[in-house]
Amino acid sequence: MNLSEVTERISRKLEAKGAQPDRQKIESRLRRLVEEFGVNTAEAERTVTGDLAREYNLTGVGSTSTELRPISEITPGEWVTIEGKIVSLTPSLSPSIAQNGIIADSSGAMRFVAWARANAPVMEYGHWYRIESAVVDEYKGAPNLKIHSGTTISRMEKDAPLLPSITPVAELKPGVGSVRAKVIQNWEVSHDRMLQTGLLGDETGTIKFVIWKEEGKDQLDLNTVYNIFYATVDEYNGRLSLALNTAMYISDEGDIEVGRNETEIQGALVHIAPGSGLIKRCPVEGCNRTLSRQNYCPVHEIQPEFRYDLRLKAVLDDGIRAKNILMQREIVEKLAGITLDEAVGIAETNPLGMDEIFYRIRNAVLGRYYTCSGNEFGGRLLVDSCSPVTFKSEELASLLNRAGGEAA
Amino acid sequence: MKPQSAFEREPARRVFANELRETRYQFKESEDEKSPTYVLLPSGIRSNRIFIVGTLTEKQRQGDQNVFYRGRVVDPTGTFFIMAGSYQPEAMQQLARIEPPAFVAVVGKPNLYTTPDGTCLVSVRAESISVVDHETRDIWVLDTARETLDRLDAFGTTEDSNKAQEEYGTRPDVYRKIVYDALSQVQL
């Protein structure tokens, strides 16, 4: 066992309390205990930490790590002792990791990793363990329990049933979460290793889910409600997704009215972005990418058998915030008063071609007021309904009151 | 998927011609060449972009080598001076096509400049211009009235409005009156 590692850990613990310990001194004391007196490293660490804490007049250095803490209250940067049940074990991704998975108590759950170097006893699924002096740091935006060489693990003779608390989808945070939700969409898998991906929803909102290929993992059925315990909540580009490989999921009776967490914005269309109007899409199944003018798809190269489509990428601005929006064909057709077939007809006979459609749509909508609602995705509002704002005389009356007080 | 940049587009403020005409103070947040230039509106908010709807009453083509267009856009409180040159090709071509008088919606950046005799003028460098209808103009008057009143209600509570008080000695009552007069011209 490497003493400089232990030294580092002790000095960091003390520094966290405001002391400035001398690392050489710590290491020589450790070395003395371990090499001369044959004390094991964990005990030596405890002794030296305690001695130094007393010398620096610090309280709560050694003791915090033995005080039992509920998992839900732990924050990154702490040294902790917890008692929990191993509710998930996932295959190790690297030879330096001995075990990783999720440990839970009645207050919550947390991912953990046991380093190969820690030489920790192997923990078994479904059993309770007391874990002393583990350190919590942050991994992918969520607290993560690290089991290192100074951590003591003891198996407990406890078998308390553990009921995970269900979190509403809208309140999930990176880390570990349990939900009761319905599968509302199945998406095309985008990777060889992916078993299934799609959208889950409950009354409060929706979230993307992924199941990676792994032995014994089953797909979820569309339009079925599931209890999903201990899934991993990841954050990417500010959006959350649920990885079910750590989770246990069982279908449940009943139905859920899925909340669509729609956003509604009223404002003026102040900008029509390039790529709006008539576009060509790649015909390869599942691709659907926009082709360049030369019918080039970034993945499938030249595609002369493209499909036409209409869309509008624009900015809706309410004077306080400018929001990117994206409208699909049906809405653009209604708004601009032109159908896809008409647009194709015009583009194929007009000397400006597809540009002509861009100009027509721009002239029909730019600078006008609309109310758009839809789901936000990646900083963009995907509009599923849109209507022009109309003039309301009662609004004029109330603004006159606000501005003047005494109406004329 | 591409990582989302932290870039946020500057919103287009709603402002009446009368208020924009009084604007005198222009500033940048940092020395960085690319940082946006703001004007400080007397009602107490910074603005890098504005959205106006009014009547285009006049347009002029100017310059020989570097052609650009000037136009006058009228709202119930006064006149906006807009321009579009070769750096705003979209707006220039749109403006070239529009025959006054017409209701137009303009998105553009407010610019201050001082004439040789020392008067300060505000013009709007247009990013886009489009022809709209009478109803859109009326909705804009309501929208601009509401946002101006919102700014006046918050006057004295925000950093920008304190700055406006310093620079202009803004009297919110005067602007309330302007809003009232603008609204009075909208036909029920």
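Which helices of chain A are included in what covers the buried residues of H3(A)? Keep that in mind while you look around, and remember that this is a predicted model.

**Stop 1: a helix in chain A**

Select residues 41–55 of chain A, and you have helix H3. Now color Ala44(A), Glu45(A), Arg46(A), Val48(A), Thr49(A), Leu52(A) and Ala53(A): these are the buried residues of H3(A). To see what lies over them, bring up helix H1 (3–16) and helix H2 (23–36) of chain A, which are included in the cover.

Then step just past the end of H3(A) to Asn57(A), where phi is positive, at about 60°.

**Stop 2: two helices crossing**

Stay in chain A and select helix H5 (residues 340–349) together with helix H6 (residues 354–365). Their axes come within 7 Å and cross at roughly 130°. Because of that angle, H5(A) counts as oblique to H6(A).

Which residues make the contact? On H5(A), pick Ala343(A), Ile346(A) and Ala347(A); on H6(A), pick Met354(A), Glu356(A) and Ile357(A). Sorted by class, the residues of this contact are five nonpolar, no polar and one charged.

**Stop 3: over to chain B**

Now show chain B by itself.

Chain B has 188 residues, and 43% of them count as buried. Look at its contacts between residues at least 6 apart in sequence: 64% of those join residues at least 24 apart.

**Stop 4: where the chains touch**

Bring chain A back next to chain B. The contact takes 33 residues from chain B and 29 residues from chain A.

Which element gives the largest share of the side of chain B that touches chain A? That's H3(B), with 10 residues. Color this side of chain B by class to finish, and you get 18 nonpolar, five polar and 10 charged residues.

Definitions and conventions. Residues are numbered from 1 along each chain as its sequence is written. Chains are lettered from A and ligands numbered from 1 in the order in which they are written. This is a predicted model: local features need pLDDT of at least 70, side-chain atom pairs count only at pLDDT 80 or more; totals for chains, interfaces and linings use all residues. Axes are lines fitted to C-alpha atoms, for helices over the stretch in contact, and angles run from 0 to 180 degrees between N-to-C directions. Helices (H or I, at least four residues) and strands (E, at least two) are DSSP runs, numbered from the N terminus. Angles under 35 degrees count as roughly parallel, over 145 as roughly antiparallel, 65 to 115 as roughly perpendicular and the rest as oblique. Two residues are in contact if their C-beta atoms, placed from the backbone, lie within 7 Å. Ala, Val, Leu, Ile, Met, Phe, Trp, Tyr, Cys and Pro count as nonpolar, Asp, Glu, Lys and Arg as charged, and the others, Gly among them, as polar. The expected span of a helix is 1.5 Å times one less than its number of residues. A residue is buried if 20 or more other C-beta atoms lie within 10 Å of its own, exposed if 12 or fewer, and partly exposed in between; C-beta atoms are placed from the backbone.
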